[in-house]
Amino acid sequence: NAFDHFGFLIEGQNSLRHVFDHPELDTPILASSSAPDTRASWEEAAYSLSLDRFWRHIKTATPEGVSIENSYYPDLKAQHQSTKELRSTRLLNSVRIPKSGSSALSVTARALSGCHPDGYPCCKFPGDPVGSCPRKDLMCSLVTGCTDHRPDYDGDEAVITTLRDPVSRSVSAFFYHYPHTSVKHGESHTWEKFVENIQSPRYRNILTKMLNGAYSYVDFEEVKHTVPRAKARLCSIAWFGLSEMPVSSSMMLYETPQFRKLLPNPVAFGLQASDATAAEHAAEEKDGLRVNSDSEYKEFLATSFATNDGSSFVMQHNQHDIEVFQFAEKLFCGRLLAKIGLVEEMKQVGLGLEEIEKCASIGFDNIEELCYNIQNNA
């Protein structure tokens with residue numbers, strides 16, 4: 001079923017803010033639900049567990065005689081200001097793979113860095129498409145790559161990104177707007193146009209190109225944009241999330257060594273900013289949710305895409321991205337399952353059980369040793 005493959009409830013650009021079919025419950029649970037008598041969302045449960053683990057870590061790591069209040073920071077900016085060794089004004093590098101949760105990633109990057117106001121993505125008012133940027137004060141110089149899709153790996157700041165299955169990412173991009181698709185305004189999204197789009201070097205192997213340091217929509221060149229270099233980059237990235245594993249991705253964020261002393265921020269879990277006003281909460285809900293859910297998109301998946309085995313067609317023309325993404329799944333799962341305490345606590349509260357089970361089914365050897373060899377040979 002094409003709908004099952006793409007999972008409209010976890011559409012890429014807003015993967016951490018969606019209604020999510022909790023695998024252990026009979027019915028969907030709503031993100032950020034605060035109405036009385038409603039079940040707590042996985043976002044709230046994940047945030048609560050992350051906070052609990054944070055305080056236990058800080059108490060354990062704080063030397064005797066040192067105040068706990070001096071052992072953690074609200075964000076990277078505060079940590080930077082307290083550490084003489086940190087002199088760069090660029091505190092975090094956000095690599096935004098298009099249609100892979102990049103808007104939610106931007107919200108997280110701003111939260112980690114200490115950009116204000118909280119709970120918004122970086123964007124230039126009025127946004128592209130127009131109306132997707134709700135304010136004029138949302139650009140933040142603390143974050144490299146907080147907008148656009150042009151990776152810059154020249155600095156030494158920690159890098160974060162989110163990835164998405166190349167098949168669903170490609171279809172989602174096809175239904176977005178230029179430069180993410182060759183379809184012009186007013187044109188129909190036909191199977192013939194889709195074939196033209198997927199076969200174009202411009203729209204092939206986006207993930208591989210960007211992990212090699214190229215703009216997302218340059219023409220793909222097999223000699224320049226290699227799988228080994230893309231895998232080596234993944235190994236060196238501080239944190240990456242998978243759109244298909246939103247719960248585990250959220251839980252792994254503040255387990256990252258570079259962010260271990262930062263107080264978990266609710267917006268990094270898809271929740272509302274703790275200090276936002278009611279009006280700002282309303283604006284957050286309209287911050288450019290770029291989710292494909294219109295009838296043409298759904299009809300395309302159920303008819304042309306399914307009839308022509310669209311998944312196989314996309315995979316055929318994005319073999320580099322398929323290999324890199326499969327490696328990313330193994331790397332992500334290897335690191336998740338290595339955190340025995342985290343996985344056990346997630347199981348105890350019923351968080352991400354289906355994701356943990358999927359990770360357990362993915363075969364991998366010593367992934368960090370594999371990364372070591374890849375980085376040395378790339």
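Contact, as I use the word today, means heavy atoms within 4.5 Å. With that, 68% of the contacts in this protein with a separation of 6 or more are between residues 24 or more positions apart.

This is a predicted model: local features need pLDDT of at least 70, side-chain atom pairs count only at pLDDT 80 or more, and totals for chains, interfaces and linings use all residues. Residues are numbered from 1 along each chain as its sequence is written, and side-chain values use heavy atoms, with hydrogens and water left out.

The overall inventory comes next. The protein has 16 helices and 4 strands; these are DSSP runs numbered from the N terminus, helices being H or I of at least four residues and strands E of at least two. Of the 378 residues, 55% are buried. Buried is under 20% relative accessible area, exposed is over 50%, and partly exposed is in between, with a 1.4 Å probe and protein chains only.

Now the sheet. The 4 strands form an open sheet in the order S2-S1-S3-S4, and the pairing is parallel. S2, residues 143-144, and S4, residues 239-242, are at the edges with a single partner strand each, so one side of each has no neighbour in the sheet. Pairing here requires at least two bridges found by DSSP between two strands. S1, residues 92-95, pairs with S2 in the parallel sense over 2 bridges, and Leu92 stands opposite Val143 in S2.

In a regular strand, side chains alternate between the two faces of the sheet. In S1 both faces are covered: Leu92 and Ser94 are buried on one side, Asn93 and Val95 on the other.

Then the helix packing. Two packed helices are described by the angle between their axes and the distance between the axes. The axes of H13, residues 319-338, and H15, residues 353-361, come within 9 Å and cross at roughly 110°. An axis is a line fitted to C-alpha atoms, for helices over the stretch in contact, and angles run from 0 to 180 degrees between N-to-C directions. H13 and H15 are therefore roughly perpendicular to each other, a label for 65 to 115 degrees; under 35 is roughly parallel, over 145 roughly antiparallel, and the rest oblique.

Which residues in H13 meet H15? They are Glu329, Phe332, Cys333, Leu336 and Leu337, and in H15 they meet Ile356, Lys358, Cys359 and Ala360.

Glu329 in H13 counts as buried, at 15% relative accessibility. Leaving out residues up to four places away in sequence, Glu329 touches Leu242, Lys358 and Ile362. Its C-alpha is separated by 9.9 Å from that of Glu244, 85 residues apart along the chain.

Last, the backbone. Phe125 and Pro126 are joined by a cis peptide bond with omega about 5°; Pro126 is in the loop between H4, residues 102-113, and S2. Another cis peptide bond joins Tyr178 and Pro179, with omega about 10°.

Lys99, not a glycine, has a positive phi of about 60°. Is Lys99 buried or exposed? Lys99 is buried, at a relative accessible area of 1%, and lies in the loop between S1 and H4. Asp309 also has a positive phi, near 50°, but counts as partly exposed at 43% relative accessibility.
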